[in-house]
Amino acid sequence: MAVLLLGEVTDGQLSVDSTAKALTAAKLIGPVTVLIAGQGGDAAAATAATLDGVQKVLFAGDKSYCHVMAEPMAALIVSLAGDYTHIVAPATSDAKNILPRVAALLDVMVLSDVSGVVDAETFERPIYAGNAIQTVKSSDVKKVLTIRTSTFEPAAIGGSAPVENIAAAADPALSAWVEDKTASSDRPELTSAGIVVSGGRGVGSQADFHLIEQLADKLGAAVGASRAAVDSGYAPNDWQVGQTGKVVAPNLYVAIGISGAIQHLAGMKDSKVIVAINKDDEAPIFQVADYGLVADLFTAVPELISKL
Amino acid sequence: MKVLVPVKRVIDYNVKVRVKADGSGVDLANVKMSMNPFDEIAVEQAIRLKEAGKAEEVIVVSIGVKQSQETLRTALAMGADRAILIEATDNVQTDIEPLAVAKLLKAVVDAEQPGLVLCGKQAIDNDMNATGQMLSALLGWSQATFASELDIEGADALVTREVDSGMQTIRVKMPAVVTVDLRLNEPRYASLPNIMKAKKKPLEEKTPADYGVDVTPRLTVVKTTEPAGRKAGVKVASVDELIAKLKDEAGVL
Ligand SMILES: Cc1cc2nc3c(=O)[nH]c(=O)nc-3n(C[C@H](O)[C@H](O)[C@H](O)COP(=O)(O)OP(=O)(O)OC[C@H]3O[C@@H](n4cnc5c(N)ncnc54)[C@H](O)[C@@H]3O)c2cc1C
Ligand SMILES: Nc1ncnc2c1ncn2[C@@H]1O[C@H](COP(=O)(O)O)[C@@H](O)[C@H]1O
C-alpha cells in the first residue's frame, strides 16, 4: 500500500485541520505521501511536512496550480498515480471537483465522502443524506477517495518529512480563473470550530442575522445557516450546513429558527451536543436536540447573549 | 448548439428513507420517486438558454430502470425537446455507478455532439457528486462544478461556483460540462397542456449494449445500515436552565 494525499491549500497556506483529518484516515491504509501544489505554496509544503506520520511531501510549485483548477490538478495527480495504490483527499469543494476527474482518467470508481476505513479496499460512506451508511468494497486497481473530515480526529503535529520539488504536468489549458469572492472573518472556521451557532429562516432578515453572529462571537463560535437562510439572503453560501453544504460535528451546535429538515440534519447530527431554539414545539429539530428551548428567538437569543 | 441534460430518477427528497432490516439496502418499493432536484435545475437552465436563443435543442437522457421514462416525460413537459432512455437494469434497487453513467453519457455526446452538458451537482440518493466531473474527464472537456450562475459568452462559458470559501468565477472553453447547484434558478412547474404535449415528444429507448458500454459495478455493496440514531433530549423551560445544563450537565460552556 502507498497513499498519495492531496493537501488542502488556500492562498498558499495549508488548511491544517482538513488535511490532518484526512491524514488520519489515510494512515489507516498505508504510508502517506502528501502532495502540495501551487506557486508560492512553499509554506504549505513545509507545514505539511510537520504533520505526524507523513513520509514525504511532494511540492509542485507551478503557477498553473494556484487556483486549484480541476483539469491541471487532475493531470498532475494522474502523472503521479503510478506510484500509489490509493489517492486520497479531504472532501472539500476543491477535492470534490478534482478527484472524480482523476478517477475517470484512471478508469476507476471514486469513493466520495468516506466516513470509515474498514480495510484498504472496504470503506463506509453515508448515502441518502446520511440516512443510511453503506459499506462498499472496491475491486479497482487503484482507489480514489475523498474523506468526510467531520468523522476523523486530526493527526498531530510532530513530524519532519522531506519535501521534494516536482515538475508540472502538461496543462490542458481549458479553464481560467477569473475571481474569488470570499469574505474574511476573525471567527473560527465552520468545519473545525468547537462551537457552531446556526440561524434559519426563522431569523427573518439579514439585519436580524446579526443576532446569531453576536451570540456566536460571545461563544467564540463559527456561524452556520440553513439553506433557507442562505437562499433568503440572510447569510452567505459558505455558511450553509447540510447535505449540500458543509458537514460539521462540533462539541456544541446551536440551531436557532431552524426546523430540522433531513437535509439540514445531514450536516450537523453528529455534533456532540445539540441545542435547538424554536418557537414551534413540534419542530423536527427537537427530535435530535439534547436541549430544546421552545421560545421566540427574538427574546431568547438577546437574553442568552446578556447572561453568558 | 444542443444542450444535453442527464436526469436521474431518485427517491423523492421529502420521503423518509428506510433501511431494510437485513442490511441489503434501502426500501424503494412503493416509494414516491421524482427527478433529482439538481437535475430539475439543470433542465430549467437548459430551457432558459433555448428561450434566450443560445441553444437550439434540449435533449434529456436518463439511465436506469424503464420507469425513468416518467422522469424524462417530466423534463419534456418542462420544455425539453426530446429524450433518450438507456435501460441499464430492470431492478429498481440497482444503482448504476457514476463511472458507468459517465461512459454511457460520453457515447451519447459522441453521437449527438452537444456544445454543453448540464448535470446536477449530485444525486440525492447515492450522494456521489461525481458523474459530471467523470464525463468531462472522459471527453477531455473543461468542467465547471457547483454552478450558481452561468453565462455563455461566445466560445466560453462564465461560471460562478459555490465553493467552501464563498464564490469563485471561472471561464471555461466550450464544449463544457457544467454541474449545477441549487441556487442557479427556480425550476418551473409543467402546465397541464405541456404535460399533454410532452406525451407526443420523441423518447428513444436504448440499452448499454447499443453503445458497447459495460456497466458492471466496480464497488460491491457489502451492507447498508442505519446510522447511529440520536435520541431527543429534554426541553428546558428557560434561558437560565439552558445555560445551567450546558455548563453543569453537558460541560460544553
Ligand atoms: C436537494 C436538496 C438539498 C438541500 N440541502 C440543504 C442543506 O444542505 N442544508 C439545509 O439547511 N437545507 C437544505 N435543503 C433544504 C431543506 O429541505 C429545508 O428547506 C431547509 O433546511 C429549511 O430551512 P429552515 O429550517 O431555516 O427553514 P424552515 O423550515 O422554514 O424553518 C424555520 C423555523 O423557524 C422557526 N421560527 C420562525 N420564527 C421563529 C422565531 N421568532 N423564534 C423561534 N423560531 C422561529 C419555525 O418554527 C421553523 O421551525 C435542501 C433541500 C433539497 C431539496
Ligand atoms: N442514472 C443516471 N441517469 C441520468 N443522469 C444521471 C444518472 N446518474 C447521475 N446522473 C447525472 O449526474 C449528476 C450527479 O450524480 P452523482 O454523480 O451520482 O451524484 C446527476 O445530478 C445527474 O445529472
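Here is a short chat about the cavities and the chain interface of this predicted model.

Student: Ground rules first: what pLDDT do local features need here?
Tutor: In this predicted model local features need pLDDT of at least 70 and side-chain atom pairs 80 or more, while totals for chains, interfaces and linings use all residues. Residues are numbered from 1 along each chain as its sequence is written, chains are lettered from A in the order written, and side-chain values use heavy atoms, with hydrogens and water left out.

Student: OK, how many residues of chain B are in contact with chain A?
Tutor: 78 residues of chain B touch 83 of chain A, where contact means heavy atoms within 4.5 Å.

Student: And how much area do they bury?
Tutor: About 6700 Å², 55% of it on carbon and sulfur atoms. That's the accessible area (1.4 Å probe) that the two parts lose on being put together, summed over both.

Student: How many salt bridges between the chains?
Tutor: Six, counting a side-chain nitrogen of Lys or Arg within 4 Å of a carboxyl oxygen of Asp or Glu. A:Asp290 forms a salt bridge with B:Arg230, with the closest N and O atoms 2.7 Å apart.

Student: Switching topic: how big is the largest cavity?
Tutor: Its volume is about 110 Å³. A cavity is a set of points on a 1 Å grid over the protein atoms alone where a 1.4 Å probe fits but cannot get out, and lining residues have an atom within 4 Å of a point. The volume is the space filled by probe spheres set on those points, joined across faces, edges and corners.

Student: Which residues are closest to its centre?
Tutor: Of the 14 lining residues, A:Leu6, A:Gly7, A:Glu8, A:Val9 and A:Val68.

Technical notes. On a 1 Å grid over the protein atoms alone, a cavity is a set of points where a 1.4 Å probe fits but cannot get out, and a pocket is an open set with protein on both sides within 12 Å along at least five of seven lines; lining residues have an atom within 4 Å of a point.
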